[in-house]
Amino acid sequence: MDIQIITKHLPALILVIFCSSCAQVKNGNDNDDRPNFLFILVDDQPFDALGINGRYSFLQTPNMDRLAGEGVLFNNFFCTQSICSPSRGSFLTGTYPHVHGVNQNNAHVDPNWKELPPISVHLQKSGYQTAHIGKIHMAHLKGKDHIRPGFDYWYSFIGQGAYFDPMVNDNGEEYRETGYMTDILTDKAVNWLEKNRDSNKPFYLNLWHKSVHEDHSPAPRHEQLYSSYSLPTPPFDSHLETFSGKPEWQRIKAYDSEWKSYMPVPSLPVKDWPIKGDKFMRLLRCLKSVDESLGRVLAKLEEIGELDNTIIIFSSDNGYFMGEHTYWDKRIAYENSIRMPLIMRHPKTIAPNSKINDMCLNIDMAPTILDYAGVEIPAYMQGESMRELLAGKSTDWRSSFMFEYYVDDEYPYAGPNMLAIRTDQYKLVDNDLENDIDELYDLVNDPGEMNNLIEIAEYDSLEASLRMQLEQLKEQYKYNPDRDWWLRQALKE
């Protein structure tokens with residue numbers, strides 16, 4: 001009787017199997033015309049450290065400039081937390097750090113991959129060939145455990161890695177490479193494109209650099225680059241910061257590694273320029289090899305006939321202070337810390353030499369990539385696809401966003417717990433301190449964020465409105481003030 005039932009319905013079963021096979025092909029398990037993705041991520045590149053920006057007249061970034069000329073430059077691209085590991089987790093999962101769990105540079109945790117699979121998993125399942133070459137930071141795992149989910153090929157290193165002769169992890173095998181890290185990673189990426197790529201599949205390739213992170217070690221060939229130039233002072237004279245009317249903790253932070261010797265004062269004397277000596281020039285020298293790397297990879301894509309079929313993404317994991325407010329590093333809510341460069345190129349869908357001024361976030365990258373790949377965007381992703389913005393269409397885009405920071409036990413002077421809301425004109429920073437003041441800036445009339453308006457009575461109603469909006473964003477993004485919720489769970493396991 002069972003056989004009769006099966007025989008009776010055999011044509012229908014064959015149709016179901018056939019349609020299922022068709023769906024798999026449509027989803028990219030065979031050769032298709034979906035775009036490739038090349039995601040280049042720099043570490044700590046300031047948003048305005050681009051030749052086309054003009055801040056540094058001597059800065060040589062011809063390939064970055066070319067990419068912007070052939071694609072789109074984002075003028076307002078931000079991270080949701082300005083530290084390496086949290087931002088990388090947000091790029092991969094499309095969620096805030098308080099959701100994916102990595103809100104520190106912690107050697108023990110990755111994001112919650114089981115509940116929040118990274119984009120590599122979704123792309124791999126839909127037929128993409130995937131590869132990660134470069135920095136991941138996050139959990140310090142060994143051998144095969146170091147390979148993150150969803151990658152067909154893995155080449156990375158533990159933590160920050162090293163600029164010269166680094167230890168690496170090549171698909172689980174650990175050994176020491178010889179040479180300069182930026183060049184090594186570029187060699188691997190070019191080799192993968194030429195020899196390991198499956199031409200019958202679209203690809204997703206991460207090229208995530210160590211450069212230009214501390215200690216800003218340029219390639220030997222660039223050691224004397226720009227030596228005849230002086231570092232210009234920052235826009236809006238923000239290096240003249242005295243912190244008058246600013247929170248006390250910022251004056252402590254301005255003491256840098258000597259913060260314990262700080263004595264309370266209403267303001268600090270102006271520091272001599274250049275602040276931190278040759279430090280920032282060395283960072284700019286590091287960018288030269290990154291730009292050369294970009295040129296090499298673009299040339300290889302053109303050589304293999306995939307340049308215009310590839311959506312190229314060039315960005316940084318966070319911003320970086322270049323002496324603004326007398327600071328270096330990142331972390332806190334000033335523009336120089338939270339703003340990042342973003343350039344994208346894809347001639348088929350992105351107009352050349354275009355610009356996007358809307359406020360976009362690192363959590364938007366994952367849903368954007370999946371949207372272009374024809375993959376359904378998971379409900380857990382908190383970002384939005386930027387595809388319509390990239391197509392030049394008008395869209396109901398965000399008018400504000402929330403930035404977060406959790407105090408770092410390794411650098412407690414770097415900043416307290418904080419939440420900020422940024423709109424097109426204003427920024428309110430809620431510093432989680434009972435004995436200090438918060439911050440309010442008018443970004444249109446005070447783009448250098450030099451004048452804190454928080455204690456001026458005429459701005460009280462604006463402050464109240466922004467605080468109410470921030471509460472709404474906290475609810476929308478399920479904000480969790482408990483920094484270590486995921487760390488505790490991971491250590492138990």
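Q: Which helix holds serine 120?
A: This is a predicted model. Serine 120 sits in helix H6, residues 119-125.

Q: Is serine 120 buried or exposed?
A: Read the relative accessible area. Buried means under 20%. Serine 120 has 0%, so serine 120 is buried.

Q: Which residues does serine 120 contact, beyond its neighbours within four places in sequence?
A: Serine 120 is in contact with Thr130, Pro149, Gly150 and Phe151.

Q: Now sheets. How do strands of a sheet pair?
A: They pair through backbone hydrogen bonds, either parallel or antiparallel. Here, 10 strands form an open sheet with mixed pairing. Their order is S7-S6-S5-S4-S8-S1-S9-S11-S2-S12.

Q: Which strands are at the edges?
A: Strand S7 (173-176) and strand S12 (354-356). Each pairs on one side only. Neighbouring strands of this sheet are turned by 15° against each other on average, direction ignored.

Q: In which sense do S2 and S11 pair?
A: Strand S2 (residues 72-74) and strand S11 (residues 342-345) are antiparallel, with 2 bridges. Valine 72 is opposite methionine 344 in S11.

Q: Which strands does helix H3 touch?
A: Helix H3 (residues 62-70) packs on the sheet and touches S2, strand S9 (310-316) and S11. The direction of H3 makes about 60° with that of S11.

Q: And which strands does helix H11 touch?
A: Helix H11 (residues 365-373) also packs on the sheet. H11 touches strand S1 (36-42), strand S8 (203-208), S9 and S11. Its direction makes about 165° with that of S1.

Q: Where do the side chains of a regular strand go?
A: They alternate between the two faces of the sheet. Take strand S17, residues 439-442. Glu439 and Tyr441 point one way, Leu440 and Asp442 the other. All four residues are buried.

Q: How many bridges join S16 to S17?
A: There are 4, and strand S16 (residues 426-431) runs antiparallel to S17. Lysine 427 has tyrosine 441 as its bridge partner in S17.

Q: Which residues touch the most other members of the largest nonpolar core?
A: Phe74, Tyr204, Met344, Met365 and Leu390, out of 82 residues. H11 gives the largest share of this core, 6 residues.

Q: What does leucine 390 contact, leaving aside its neighbours within four places in sequence?
A: Its contacts are Val72, Phe74, Met344, Thr349, Ile350, Ile356, Thr368 and Tyr372.

Q: How many residues are in the second core?
A: This separate core has 52 residues, including Met181, Leu185, Ala189 and Leu283.

Terms used
Residues are numbered from 1 along each chain as its sequence is written. This is a predicted model: local features need pLDDT of at least 70, side-chain atom pairs count only at pLDDT 80 or more; totals for chains, interfaces and linings use all residues. Side-chain values use heavy atoms; hydrogens and water are left out. Buried means under 20% relative accessible area, exposed over 50%, partly exposed in between (1.4 Å probe, protein chains only). Two strands pair if DSSP finds at least two bridges between them. Contact means heavy atoms within 4.5 Å. Axes are lines fitted to C-alpha atoms, for helices over the stretch in contact, and angles run from 0 to 180 degrees between N-to-C directions. A nonpolar core is a set of buried Ala, Val, Leu, Ile, Met, Phe, Trp, Tyr and Cys residues joined through side-chain atoms within 4.5 Å.
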